[in-house]
Amino acid sequence: DDDDDDDDNDDDEKDDPEYKGSHKRDTSKRSDQGASKRPRREQQSEQQGKEQEAEESEEETGSVEVSDEHKQRVEGAIASLSEGDNDECTVNDLLKQVRRSASNFPRRMLDSVLQVLEDENKVMTRDGTVHFI
């Protein structure tokens, strides 16, 4: 019987407006945090989407004009990287090597030069690796 009285007492407390207010979970902080994180995630997704669209549009519009100077810079970097027994490198390593002499050399230009060199059967680029021929 004592247990029943305690249960009845709990129900009375739950009906009391002061009880309800004092035992509610404060979810305002969590919902604020979730709200602040959500736009950041959405912004990151939007940024990634824009970057992907930019890459796709670059592919669609074709390569940029390759000058002899650009081609020579890339060929020089390939010569440096191919010394010894090296017969390949990553595109990123090649870009780093090119940027040692031309710090503002764009990746898009490297991709265009590599395509020209591939057409000339000097390199083969597959899955981010440049194979020297």
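This report walks through the fold, the core, the helix packing and a few individual residues of the predicted model shown above.

## Ground rules

Since this is a predicted model, local features need pLDDT of at least 70 and side-chain atom pairs count only at pLDDT 80 or more, while totals for chains, interfaces and linings use all residues. Residues are numbered from 1 along each chain as its sequence is written, and side-chain values use heavy atoms, with hydrogens and water left out.

## Overall layout

Let's start with the big picture. The protein has 6 helices and 3 strands, where helices (H or I, at least four residues) and strands (E, at least two) are DSSP runs numbered from the N terminus. Read from the N terminus, the order of elements is α-α-α-α-β-α-α-β-β.

Of the 133 residues, 18% count as buried; here buried means under 20% relative accessible area, exposed means over 50%, and partly exposed is in between (1.4 Å probe, protein chains only). The protein exposes about 10400 Å², with carbon and sulfur atoms supplying 39% of that area; accessible areas come from the Shrake-Rupley method with a 1.4 Å probe, and for residues only the protein chains shown count as cover. Among contacts with a separation of 6 or more, 55% are between residues 24 or more positions apart, a contact being heavy atoms within 4.5 Å.

## The nonpolar core

The largest nonpolar core holds 19 residues, and Val 74, Leu 94, Phe 105, Leu 110 and Val 130 have the most contacts inside it. Helix H4 (68-81), helix H5 (91-99), helix H6 (107-119) and strand E3 (129-132) each supply at least two of its residues. The largest share, 5 residues, comes from H6. By definition, such a core is a set of buried Ala, Val, Leu, Ile, Met, Phe, Trp, Tyr and Cys residues joined through side-chain atoms within 4.5 Å.

Not counting residues up to four places away in sequence, Leu 110 touches Val 74, Val 91, Leu 94, Leu 95 and Phe 105.

## How the helices pack

Two packed helices are described by the angle between their axes and the distance between the axes. The axes are lines fitted to C-alpha atoms, for helices over the stretch in contact, and angles run from 0 to 180 degrees between N-to-C directions. Angles under 35 degrees count as roughly parallel, over 145 as roughly antiparallel, 65 to 115 as roughly perpendicular and the rest as oblique.

The axes of H4 and H5 cross at roughly 115° and come within 9 Å, so this pair is roughly perpendicular. On the H4 side, Arg 73, Val 74, Ala 77, Ile 78, Ser 80 and Leu 81 meet Asp 93, Leu 94, Gln 97 and Val 98 of H5. H5 and H6 pack at about 110°, their axes 11 Å apart, which makes H5 roughly perpendicular to H6. Their contact involves Val 91, Asn 92, Leu 94, Leu 95 and Arg 99 of H5 together with Arg 107, Leu 110, Asp 111 and Leu 114 of H6.

H4 and H6 pack at an angle of about 80°, with axes 10 Å apart, and are therefore roughly perpendicular too. Here His 70, Lys 71, Val 74, Glu 75 and Ile 78 of H4 make contact with Met 109, Leu 110, Val 113, Val 116 and Leu 117 of H6.

## Loops with positive phi

Most residues other than glycine have a negative phi, and most peptide bonds are trans. Asn 121 has a positive phi of about 60° although it is not a glycine. Asn 121 sits in the loop between H6 and strand E2 (123-126) and is exposed, with a relative accessible area of 57%.

Asp 127, also not a glycine, has a positive phi of about 50°. Asp 127 lies in the loop between E2 and E3 and is exposed at 83% relative accessible area.

Ser 82, in the loop between H4 and strand E1 (88-90), is partly exposed at 24% relative accessible area. Ala 79 of helix H4 is 9.3 Å from Phe 132, C-alpha to C-alpha, and 53 residues apart from it in sequence.

Met 124 belongs to strand E2 and is partly exposed, with a relative accessible area of 34%. Leaving aside neighbours within four places in sequence, Met 124 is in contact with Glu 118, Thr 129, Val 130, His 131 and Ile 133. Met 124 and Glu 88 are 36 residues apart in sequence and 9.2 Å apart in space, C-alpha to C-alpha.
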